[in-house]
Amino acid sequence: VTVAAKLLVAVLTLAAAASGVLLANAIAGAVL
Amino acid sequence: MTFVVGGTTSPRPEAGPAGGGRAQVGRARDVLGHLALFVGLAGLVTGLALLYISVDHLLASGVTSCASGPQPYVVANPCPDDVLRASLLIPAAVVGGLVFAGVYAVGVSRVGGVSPWLVGWSGLFGSLAVPFWRYGLDFGSSGEANVGLLVVAPIFAAMGFGPLLYGGINREGLFYAPAPASRPATSGASATPSGGPGSAGPAWPTGPAPGPRVPGRIGPRPGGILDPRRTPADPRPPATRP
């Protein structure tokens, strides 16, 4: 596995976590 | 040596150079596994963040007890609408987070990565320690700190950040799930530990057979009550079977 592939997985992992936080903010903003 | 970035690992020590290389390419091309990893992580983080926001909202409201809904008694303190919605959001966040934790676990079992136990546990307790501490020190109109919250907050912080620190340093056992080297090859893989960090007592049910317990390492002892291969029908540890 190349360094580029590892970097891609790391970036996508961070993006997934960040999108989770943003989605939670959006849901909470709509519900609360 | 086990090098981890997100969901990728270096070849396991017992794998040969050629086999490890093929297995790595296979894992890297496991699109479904990585998809489950990212979608599951996003959903799990959403659930944890919603839980944090809901608890923060409840504590910020200052409502200590209230009631709503049809019931045979007269309600002295009806719940404000936002408090009611926040309290309903908590079970929804928990159930949703658990479902996506399962999806994340599927992804981790296929391509390896940080254990869903560690993400869920540390995310839950570590994040909730923040509003507990914050509103424990909120003196408000009474001029007194909330001692109950100030007792709970450091406990939650220790429960959340302790395993996170330990698991970040020792990527093994319940904290980190090494990717299986390759599905067909691991069925006959040797259980003899080679001394590498990833080979000492792995806890993941889909990985190679665990070796003997190494003192000072965290993880279920082979054949112990936490061993996923142990079944109630046959409580004997697999290692002692004839």
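## Aromatic pairs and nonpolar packing

B:Phe156 has a relative accessible area of 17% and is therefore buried, the cut-off being under 20%. The model is a predicted one. B:Phe132, with a relative accessible area of 13%, is likewise buried, and B:Phe125 is buried as well.

Over all chains, the whole structure holds three aromatic pairs.

| Pair | Geometry | Centre to centre | Angle between planes |
|---|---|---|---|
| B:Phe125 and B:Phe156 | edge-to-face | 5.0 Å | 70 degrees |
| B:Phe132 and B:Phe156 | edge-to-face | 5.2 Å | 70 degrees |

Because B:Phe125 belongs to helix H4 (residues 116–136) of chain B and B:Phe156 to helix H5 (residues 147–169) of chain B, their pairing ties together parts 31 residues apart in sequence. B:Phe132 is also in helix H4 of chain B, so its pair with B:Phe156 in helix H5 of chain B joins parts that are 24 residues apart in sequence. Through ring pairs, B:Trp121, B:Phe125, B:Phe132 and B:Phe156 are linked into a cluster.

The surroundings of B:Phe132 extend beyond its ring partner. When neighbours within four places in sequence are left aside, B:Phe132 contacts B:Val55, B:Leu59, B:Leu149, B:Val152, B:Ala153 and B:Phe156.

In soluble globular proteins, nonpolar side chains tend to be buried together. The largest nonpolar core has 17 residues, and the members touching the most others are A:Ala24, B:Leu50, B:Leu128, B:Phe132 and B:Phe156. At least two residues of this core come from each of helix H1 (3–31) of chain A and helices H2, H3, H4 and H5 of chain B. Another core, of 15 residues, lies apart from it and includes B:Leu37, B:Phe38, B:Leu44 and B:Leu48.

## The second largest pocket

Of the 17 residues that line the second largest pocket, B:Leu44, B:Leu98, B:Ala101, B:Gly120 and B:Trp121 lie nearest its centre. B:Trp121 is also a member of the ring cluster, and B:Leu44 is a member of the core of 15 residues.

Helix H2 (31–61), helix H3 (81–111) and H4 of chain B each contribute at least two residues to this pocket's lining. H3(B) gives the most, with seven residues. The lining of the second largest pocket comprises 13 nonpolar and four polar residues, with no charged residues.

Note on methods. Residues are numbered from 1 along each chain as its sequence is written. Chains are lettered from A and ligands numbered from 1 in the order in which they are written. This is a predicted model: local features need pLDDT of at least 70, side-chain atom pairs count only at pLDDT 80 or more; totals for chains, interfaces and linings use all residues. Side-chain values use heavy atoms; hydrogens and water are left out. Rings of Phe, Tyr and Trp (its six-membered ring) pair if their centres lie within 6.5 Å; planes under 30 degrees apart count as stacked, over 60 as edge-to-face and the rest as tilted. Helices (H or I, at least four residues) and strands (E, at least two) are DSSP runs, numbered from the N terminus. Buried means under 20% relative accessible area, exposed over 50%, partly exposed in between (1.4 Å probe, protein chains only). On a 1 Å grid over the protein atoms alone, a cavity is a set of points where a 1.4 Å probe fits but cannot get out, and a pocket is an open set with protein on both sides within 12 Å along at least five of seven lines; lining residues have an atom within 4 Å of a point. Ala, Val, Leu, Ile, Met, Phe, Trp, Tyr, Cys and Pro count as nonpolar, Asp, Glu, Lys and Arg as charged, and the others, Gly among them, as polar. A nonpolar core is a set of buried Ala, Val, Leu, Ile, Met, Phe, Trp, Tyr and Cys residues joined through side-chain atoms within 4.5 Å. Contact means heavy atoms within 4.5 Å.
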